[in-house]
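Visitor: I would like to go through this model by question and answer, with the cut-offs stated along the way.

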Amino acid sequence: MLLCVSIMFIFLITSLVVYYTYTKRKRLSPMVAMIISMTNSMMTSVALGTFLGIFILEKDLTLPSIIAVSMGMFVGYITGRPVSLIASLEGMTAGVMGGMMGAMLGVMVPPDHIEIMICFIDVVYLLVNMVLFRVIGEETNSSRFISMFLHVFFVLVLIGFLVWLNFLYFFN
């Protein structure tokens, strides 16, 4: 259950970053677009690789690595391409690295620490994306309402995950 919710959460936030980057593409510099593409693809592929490494019971790196690297490359390309081809290339290479690292981490997690690792990856993903949305907002001089809304949303989700993590840690 937690794994499915986490994957849907990753998909939702990744899609939001891609959409937000696409709508603000004319006001993004190529360097900032490279950072956005790299960050989005790296965090997505690390999280997905970790979750797939945990989910695949054979503890084989092949399938989690292939899926996470492919998804990371795809996310990097679609995030960076509206701004420049160099930004998409940076995102694709970060997706390759993140997918392999995430799959290795997921395979090595002991069975009794799976829930804690999933929550930790979600919290790290959330924190990095909070900063990423702030970078996009500052670079494009976006309205404060959208920035404030996203910030409050992320803080509420972070508090929810921390409460869930405490529940798992202390009551199991």
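Visitor: Among contacts in the chain between residues at least 6 apart in sequence, what percentage join residues at least 24 apart?
Guide: The model is predicted, so local features need pLDDT of at least 70 and side-chain atom pairs count only at pLDDT 80 or more, while totals for chains, interfaces and linings use all residues. Residues are numbered from 1 along each chain as its sequence is written, and side-chain values use heavy atoms, with hydrogens and water left out. A contact means heavy atoms within 4.5 Å. For contacts between residues at least 6 apart, the share joining residues at least 24 apart is 79%.

Visitor: How many helices and strands does the chain have?
Guide: Helices (H or I, at least four residues) and strands (E, at least two) are DSSP runs, numbered from the N terminus. Along the sequence the pattern reads α-α-α-α-α-α. The count is 6 helices and 0 strands.

Visitor: Is Asn40 buried or exposed?
Guide: Asn40 is found in helix α2, residues 30-55. Leaving out residues up to four places away in sequence, Asn40 touches Thr14, Val17, Val18, Val75, Thr79, Tyr125 and Leu132. Buried means under 20% relative accessible area, exposed over 50%, and partly exposed in between, with a 1.4 Å probe and protein chains only. At a relative accessible area of 0%, Asn40 is buried.

Visitor: How many aromatic pairs does the structure hold?
Guide: Rings of Phe, Tyr and Trp (its six-membered ring) pair if their centres lie within 6.5 Å; planes under 30 degrees apart count as stacked, over 60 as edge-to-face and the rest as tilted. The number of aromatic pairs in the structure is 2.

Visitor: What kind of pair do Phe9 and Tyr125 form?
Guide: Phe9 lies in helix α1 (residues 2-23) and Tyr125 in helix α5 (residues 114-140), so the pair ties together parts 116 residues apart in sequence. Phe9 counts as buried at 8% relative accessibility, and Tyr125 is buried at 0%. Their ring centres are 6.0 Å apart and the planes stand at 70°, so the pair is edge-to-face.

Visitor: What kind of pair do Tyr20 and Phe133 form?
Guide: The ring centres of Tyr20 and Phe133 are 5.4 Å apart, with the planes at 50°. Tyr20 lies in helix α1 and Phe133 in helix α5, so the pair ties together parts 113 residues apart in sequence. Given the angle between the planes, the pair is tilted.
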